[in-house]
Amino acid sequence: MKITFLNHASFVLEDKNFKLCCDPYLFGSAFNNGWNLLKEENHEKQLKNLTHIFYSHEHPDHFAIPFLKSINSEDRSNITIIYQETLDRRVKKFCEGIGYNFLELKDKLSIKLNKDISITCGKVPFYDSWINFKIKDLNILNVNDCMLENPNLINEIHQTLNRKIDILFTQFSYASYAPTKDSRLQLAKNQFEALKKQDKLIKPKFTVPFASFIYYSNVENKFMN
């Protein structure tokens with residue numbers, strides 16, 4: 001198993017006959033030109049021969065439509081989009097409409113992608129999701145932007161999976177508008193405490209802080225940098 005970090009909240013998991021990318025937001029702006037990546041890189045080599053793309057939620061710094069449209073139309077039928085089951089199914093309809101295969105994940109139900117890899121996805125209020133990749137004896141948990149300040153939510157994930165987590169991916173910064181220095185300091189403190197709770201309750205071998213490599217790029221929010 002090979003893990004390659006790309007940018008912001010995106011990494012690639014690669015095994016034989018399997019290559020999955022999580023939340024590829026790799027170029028351009030997001031949130032109505034309010035966010036940009038700290039640095040854009042050319043990831044063409046790392047993205048060759050993708051078999052799957054997983055999206056945790058619909059925010060444009062995760063579900064980046066320009067990325068999906070940048071893949072050659074003839075290659076899209078070789079890629080399966082993986083996403084939580086929703087009532088409106090608008091992500092499913094959109095992805096299938098531009099030529100991708102689609103796999104809906106029922107809440108907390110484990111499924112096998114092949115004989116060596118199984119995945120479990122869980123919903124977190126209000127729209128986010130976490131995913132566990134069980135790859136042979138390796139367990140990777142990506143909680144991404146999930147709001148897990150409440151320890152009960154962390155314990156629910158831990159009890160659902162009931163397995164030792166080797167690697168935990170989680171965001172290290174906040175994604176909220178904070179108009180004052182004091183409010184920014186408080187949000188940063190809250191996020192740090194949430195990260196510590198996750199580490200304490202889930203007890204992974206390794207914690208990887210990510211999903212925060214952006215800067216505020218609009219005249220209305222650049223003061224937050």
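Let me begin with Leu47, which is buried at a relative accessible area of 17%, where buried means under 20% relative accessible area, exposed over 50% and partly exposed in between, with a 1.4 Å probe and protein chains only. This is a predicted model, in which local features need pLDDT of at least 70 and side-chain atom pairs count only at pLDDT 80 or more, while totals for chains, interfaces and linings use all residues. Residues are numbered from 1 along each chain as its sequence is written, and side-chain values use heavy atoms, with hydrogens and water left out.

Leu47 sits in the loop between strand 5 (35–37) and strand 6 (52–54); strands here are DSSP runs of E with at least two residues, and helices are runs of H or I with at least four, both numbered from the N terminus. Neighbours within four places in sequence aside, Leu47 is in contact with Leu6, Val12, Lys19, Cys21, Leu26 and Phe67, contact meaning heavy atoms within 4.5 Å.

Ser10 belongs to strand 2 (residues 10–15), and with 0% relative accessibility it counts as buried.

Turning to the whole protein, there are 4 helices and 15 strands, and 46% of the 225 residues count as buried. Among contacts between residues at least 6 apart in sequence, 60% join residues at least 24 apart.
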